[in-house]
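Please look through the sequence and the structure shown below before reading on. The report that follows takes up the charged pairs, then the overall build, the strands and the surface.

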Amino acid sequence: MQQQPGVPMFTPTGPAKRPWLRPLIALGAVIVVMGGFWVLSTVLDDGKPPVEVARDARVGDCLENRGTHADPDLYTIACSDAKADYKVMIDATLRHKCPAEFDEYTERGGRTGETTLCLTPVRH
């Protein structure tokens with residue numbers, strides 16, 4: 001094809017290159033997702049501290065038994081709370097055995113494997 005005299009030839013160049021646009025869009029998407037998680041956690045927050053199970057308890061913490069004596073379901077609770085049933089006296093996780101004067105609680109599973117706590121009843 002020949003160009004006609006006096007008519008400029010059109011050469012298609014394609015869309016303008018903007019290499020900065022894709023990372024900017026990705027960053028915007030990440031910000032929107034993180035903001036969504038923040039809003040969701042704020043809306044769902046009831047103001048209470050998260051529930052900690054017995055395997056997360058440390059020496060000096062108190063526990064509430066939400067199960068039975070034969071099948072305990074222990075959770076960390078403030079020692080001043082009237083629902084506190086036991087106080088952790090010794091963390092015997094490495095020994096797997098408590099001295100005779102303490103109640104022994106062993107929990108299997110979880111991230112840390114087996115947890116053994118030596119407990120004493122809380123007197124209110």
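Predicted model: local features only at pLDDT ≥ 70, side-chain atom pairs only at ≥ 80, totals over all residues.

## Salt bridges

The side chains of arginine 55 and glutamate 107 meet in a salt bridge, with a distance of 2.3 Å from N to O. This pair links distant parts of the chain, since arginine 55 lies in the loop between H1 and strand E1 (62-65) whereas glutamate 107 belongs to strand E4 (residues 103-107), and the two are 52 residues apart. Arginine 55 is partly exposed, with a relative accessible area of 30%, while glutamate 107 counts as buried because its relative accessibility is 14%, and buried here means under 20%.

Another salt bridge is formed by arginine 66 with glutamate 64, where the closest N and O atoms are 3.3 Å apart. Here arginine 66 has a relative accessible area of 47% and is therefore partly exposed, whereas glutamate 64, at 13% relative accessibility, counts as buried. Glutamate 114 and arginine 108 also form a salt bridge, and their closest N and O atoms are 3.5 Å apart. In this pair glutamate 114 counts as partly exposed at 26% relative accessibility, and arginine 108 is exposed, with a relative accessible area of 63%.

## Overall build

The protein chain contains 1 helix and 5 strands, and their order along the sequence follows the pattern α-β-β-β-β-β. Of the 124 residues of the chain, 19% count as buried. Where contacts in the chain between residues at least 6 apart in sequence are considered, 41% of them join residues at least 24 apart.

What is the setting of strand E5 (residues 115-121), enclosed or open? Of the 7 residues of this strand, 5 are buried, so strand E5 is largely enclosed by the rest of the structure.

Strand E5 is paired with strand E3 (residues 86-91) through 5 bridges, and these two strands run antiparallel; within E5, leucine 119 stands opposite valine 88. Strands E4 and E5 are likewise joined by 5 bridges and run antiparallel, and tyrosine 105 has leucine 117 in E5 as its bridge partner. Strand E4 is also the element that holds glutamate 107, the residue whose side chain meets that of arginine 55 in a salt bridge.

## Surface and the nonpolar patch

The accessible surface of the protein chain comes to about 10100 Å², and 60% of this surface belongs to carbon and sulfur atoms. A nonpolar patch on the surface is formed by Val33, Phe37, Trp38, Val39, Leu40, Val43 and Leu44, which together have about 780 Å² of accessible area.

Where is tryptophan 38, one of the residues of this patch, placed? Tryptophan 38 lies in helix H1 (residues 21-44). With a relative accessible area of 59%, tryptophan 38 is exposed, because the cut-off for an exposed residue is over 50%.

Conventions: Residues numbered from 1 in each chain as written. Heavy atoms only, no water. Helix = DSSP H or I, 4+ residues; strand = E, 2+ residues; numbered from the N terminus. Buried < 20%, exposed > 50% of the residue type's maximum accessible area, 1.4 Å probe, protein only. Contact = heavy atoms within 4.5 Å. Areas by Shrake-Rupley, 256 points an atom, 1.4 Å probe, with all protein chains shown as cover. Patch = residues over 30% accessible without salt bridge, like charges linked within 9 Å, V, L, I, M, F, W, Y side chains within 5 Å. Salt bridge = Lys/Arg side-chain N within 4 Å of Asp/Glu carboxyl O. Pairing = 2+ DSSP bridges.
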